[in-house]
Amino acid sequence: MNKHTFISALAAIALGSFPLGAVPSLAATVAAQEAQAPEELTPLATDLVNSLVKQDFVRAAQNFDDSIKAQLPPEKLQASWQELTTQIGAFKKTIATDNRSIKEFFVVTIASEFERANIDIVITFNNDKKVIGLNFQPSKVASEYQPPTYAKLNSFREQEVTVGSGKWALPGTLTLPKGSGSFPVIVLVHGSGPNDRNESSGPNRPFQDLAWGLASQGIAVLRYEKRTKAHPQEFVALGENFTLREETIDDALAAVKLLRETPGIDPKKIFVLGHSLGGMAIPQIGTLDPEIAGLIVLAGNTRPLEDLIVAQSIYLVGLKGSISAAEQQQIDTLKKQAKKVKELPLSCIHPPASQLLGVPAKYWLYLLVYQPANVAREVTQSMLLLQGERDYQVTLNEDFQGWRNILTQKKNATFKSYPKLNHLFLEGEGISTPIEYQFPSHIPEVVINDIGNWVKKPKGT
């Protein structure tokens with residue numbers, strides 16, 4: 001989750017600093033207090049980027065603070081840059097620059113165009129004007145969404161709706177097939193982090209692909225802003241008093257309730273689809289509202305969330321080659337905190353979130369009781385479980401197999417995996433990395449068809 005690798009952004013180049021995954025990040029919802037950084041830092045940042053482009057890695061590292069020199073020597077900087085450009089192509093040009101003062105740090109962002117993706121190169125300085133952080137992140141320069149070829153734009157319409165009420169009311173979009181009658185509908189439930197209604201990741205909008213593709217097949221789709229996106233300050237005000245219910249589940253249930261009262265929707269054919277963390281939550285959603293017609297899981301984890309955090313972090317660090325002593329120390333810290341999470345019920349003292357992978361004790365205690373695959377075994381609804389085989393965040397052999405192991409006797413559970421798809425259900429080749437999330441792509445039509453055909457198929461057959 002990247003925003004969710006939990007490897008310090010100030011300690012190493014975060015090639016894994018991209019969205020989506022299964023780890024909730026409260027910090028990602030907080031709007032930082034920003035001001036303009038000193039203008040003289042922009043030339044320093046520009047010189048660093050120019051040095052990388054010219055492959056002068058000694059010069060690029062010359063202004064590094066002592067705190068990262070050992071972790072990012074010129075040879076490691078070279079390896080990281082080459083890994084980046086291998087995946088997204090050569091640097092083409094600078095699109096824009098921006099500088100900010102955030103608390104005690106100064107951050108210069110250089111929005112850059114590469115051959116196959118736009119990336120923000122984020123350089124963090126300390127008060128001594130020394131570089132203490134270097135990140136490559138999804139570009140904030142918006143990419144225009146191009147509809148997938150399977151979206152029949154004349155076959156559906158969209159209307160704005162509000163999910164829930166009061167301080168947690170969420171803006172949403174209901175995509176409705178044109179024509180009269182009562183349509184089946186799917187509610188889309190996000191993964192972790194402050195996702196928008198499209199679950200946007202760089203130039204990709206997988207939830208919009210789903211909505212437009214399924215509506216083209218006569219199935220309505222409701223997508224909405226996640227609570228942590230629409231109400232970040234209110235959510236942060238909860239402090240450590242929130243769980244998966246407040247983050248995700250309650251709003252999904254509110255969306256279902258809204259649809260039962262919406263003209264043009266068949267109230268007996270409301271389905272709920274969850275991706276990643278949303279997929280993990282799907283069995284609980286089905287239990288809390290047994291009138292939901294069917295449940296769909298896309299890359300939902302069955303392993304404990306704390307184990308995923310450690311596994312994802314090890315995977316991302318491993319992409320860069322050898323693991324430094326500092327990186328190993330960070331991983332060891334994650335392992336210790338994950339162990340502390342598992343021991344929470346045995347302790348009368350709840351450590352602060354900073355000691356529990358950045359997540360409150362109350363959140364973990366909820367998950368320690370909630371075992372998604374075991375709950376799924378007891379739900380009455382039919383289930384469709386889909387998995388990308390190249391997914392490194394929620395994996396085929398551990399998580400998808402976890403569903404299979406528990407639900408093997410559940411006759412109304414359907415499983416399918418896709419060899420070329422990653423965590424976002426986008427196609428790729430070889431080992432999956434976060435960088436590929438920045439390549440413009442669409443959920444393949446075969447996935448749209450598999451979901452659409454399952455929804456239309458009479459349940460129990």
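Let me start with a cluster of rings: W168, F235, F242, Y363 and W364 are linked into one by ring pairs. Keep in mind that this is a predicted model. The charged end of R227 sits over the ring of W168, at 4.3 Å from the ring's centre.

Two other members, Y363 and W364, bring us to helix 12, which covers residues 361–369. Which residues of helix 12 are buried? They are A361, Y363, W364, Y366 and L367. And what covers them? The cover includes helix 8 and helix 9, along with helix 10, residues 305–318, and helix 11, residues 325–342.

Helix 8 runs over residues 244–260 and helix 9 over residues 277–288. They pack with their axes 10 Å apart, at an angle of about 60 degrees. That angle makes helix 8 oblique to helix 9. The crossing of the two is right-handed. If you want to find the contact on the screen, look on the helix 8 side for L244, R245, E247, T248, I249, A252 and L253. On the helix 9 side, the residues they meet are L277, M280, A281, Q284, I285 and L288.

Back to the aromatic rings. How many aromatic pairs does a search of the whole structure find? It finds 14. I will go through two of them. A pair of aromatic rings is described by two things, the distance of the centres and the angle of the planes.

The pair of F91 and F114 is edge-to-face, with 90 degrees between the planes and 5.6 Å from centre to centre. Why does this pair tie together parts that are apart in sequence? F91 belongs to strand 2, residues 91–102, while F114 belongs to strand 3, residues 105–114, so the pair links parts 23 residues apart in sequence. Are F91 and F114 buried or exposed? Both are buried.

The next pair is F156 with W212. Here the centres are 5.6 Å apart and the planes are at 45 degrees, which is a tilted arrangement. F156 lies in strand 6, residues 156–163, and W212 lies in helix 5, residues 206–215, so this pair ties a strand to a helix across 56 residues of sequence. As for accessibility, the cut-off for buried is under 20% relative accessible area. F156 has 7% relative accessibility, so F156 counts as buried. W212, with a relative accessible area of 13%, is buried too.

Technical notes. Residues are numbered from 1 along each chain as its sequence is written. This is a predicted model: local features need pLDDT of at least 70, side-chain atom pairs count only at pLDDT 80 or more; totals for chains, interfaces and linings use all residues. Side-chain values use heavy atoms; hydrogens and water are left out. Rings of Phe, Tyr and Trp (its six-membered ring) pair if their centres lie within 6.5 Å; planes under 30 degrees apart count as stacked, over 60 as edge-to-face and the rest as tilted. Helices (H or I, at least four residues) and strands (E, at least two) are DSSP runs, numbered from the N terminus. Buried means under 20% relative accessible area, exposed over 50%, partly exposed in between (1.4 Å probe, protein chains only). A charge sits over a ring if NZ of Lys or CZ of Arg is within 6 Å of the ring centre and within 35 degrees of the ring normal. Axes are lines fitted to C-alpha atoms, for helices over the stretch in contact, and angles run from 0 to 180 degrees between N-to-C directions. Angles under 35 degrees count as roughly parallel, over 145 as roughly antiparallel, 65 to 115 as roughly perpendicular and the rest as oblique. A crossing is left-handed if the near helix is turned anticlockwise from the far one by less than a right angle, and right-handed if clockwise. Contact means heavy atoms within 4.5 Å.
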